[in-house]
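Hi,

Here is the model I promised to pass on.

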Amino acid sequence: MDVARGLIGRSTSKSGHTHMKIITDVSQVKALAELGSEDNYEFRAFLKEISIPENEIDEAFREAYESVRQQIDCSECANCCKAALPVFSMGEMKRMAQASGMPVEEFMDEYCCEDEYKGEYTFREKPCPMLQENRYTLGEAAPECCREYPHLHKPGRPRAMYSIIDNSFTCPIVYNVLEKVKPIIRSKDYYRMLREDML
Ligand code: SF4
């Protein structure tokens with residue numbers, strides 16, 4: 001269960017705090033996420049059992065996200081645009097078509113298909129056809145699910161653990177955030193139980 005955690009480089013600062021080495025290489029992230037997947041699913045089950053309020057868990061995700069994203073350059077990575085398919089509405093497709101200078105019917109025929117979720121669309125193929133040299137070319141016309149990715153700042157993270165674990169295989173930010181959050185929440189729960197025992 002702890003194989004992946006054992007592989008992650010950690011160092012201790014003068015203040016005694018443990019720092020996690022941030023992994024940015026996508027192949028390494030995939031391999032480590034596979035090794036750690038059992039632990040991640042155990043963590044998901046653990047989150048359902050503990051009595052730490054959801055907003056505290058969300059806060060731990062948000063803080064870890066703010067710290068990790070400053071240490072990873074998405075323009076060097078762009079792996080979400082290569083490895084995942086976005087889901088977007090007709091309105092969002094129209095905005096993309098307009099930004100790309102194509103009539104919406106042509107944009108749809110060329111790049112899009114219906115997603116399994118009724119009324120939504122996705123691209124036919126990966127990587128994202130709007131990606132050029134690791135840069136998304138349509139700027140603000142990106143669909144909401146891309147602009148908000150990897151969604152770690154949002155409320156309700158314990159209920160989104162399946163998708164977080166799934167994204168940890170491809171997104172270095174998600175992988176590193178999960179590795180940062182797991183020991184924080186586990187120790188929060190441990191000290192909460194200790195306090196209860198002492199009462
Ligand atoms: S969000 Fe994740 S997968 Fe996408 S570019 Fe940034 S680090 Fe890479």
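Helices here are DSSP runs of H or I with at least four residues, strands are E runs of at least two, and both are numbered from the N terminus.

This is a predicted model: local features need pLDDT of at least 70, side-chain atom pairs count only at pLDDT 80 or more, and totals for chains, interfaces and linings use all residues. Residues are numbered from 1 along each chain as its sequence is written.

Back to α11 (172-198): it is among the elements that give two or more residues to the shell around the ligand, along with α5 (74-77) and α6 (79-83). The ligand's surroundings include Cys74, Cys77, Cys80, Cys171, Pro172 and Ile173, counting residues whose C-beta atom, placed from the backbone, lies within 6 Å of it. Pro172 and Ile173 are also among the buried residues of α11, buried being 20 or more other C-beta atoms within 10 Å of a residue's own, again placed from the backbone. Overall, buried residues make up 23% of the 199 in the protein.

As for the whole fold, there are 11 helices and 6 strands, and the C-alpha trace spans about 70 × 30 × 25 Å along its principal axes.

Cheers

Methods
A residue is buried if 20 or more other C-beta atoms lie within 10 Å of its own, exposed if 12 or fewer, and partly exposed in between; C-beta atoms are placed from the backbone.
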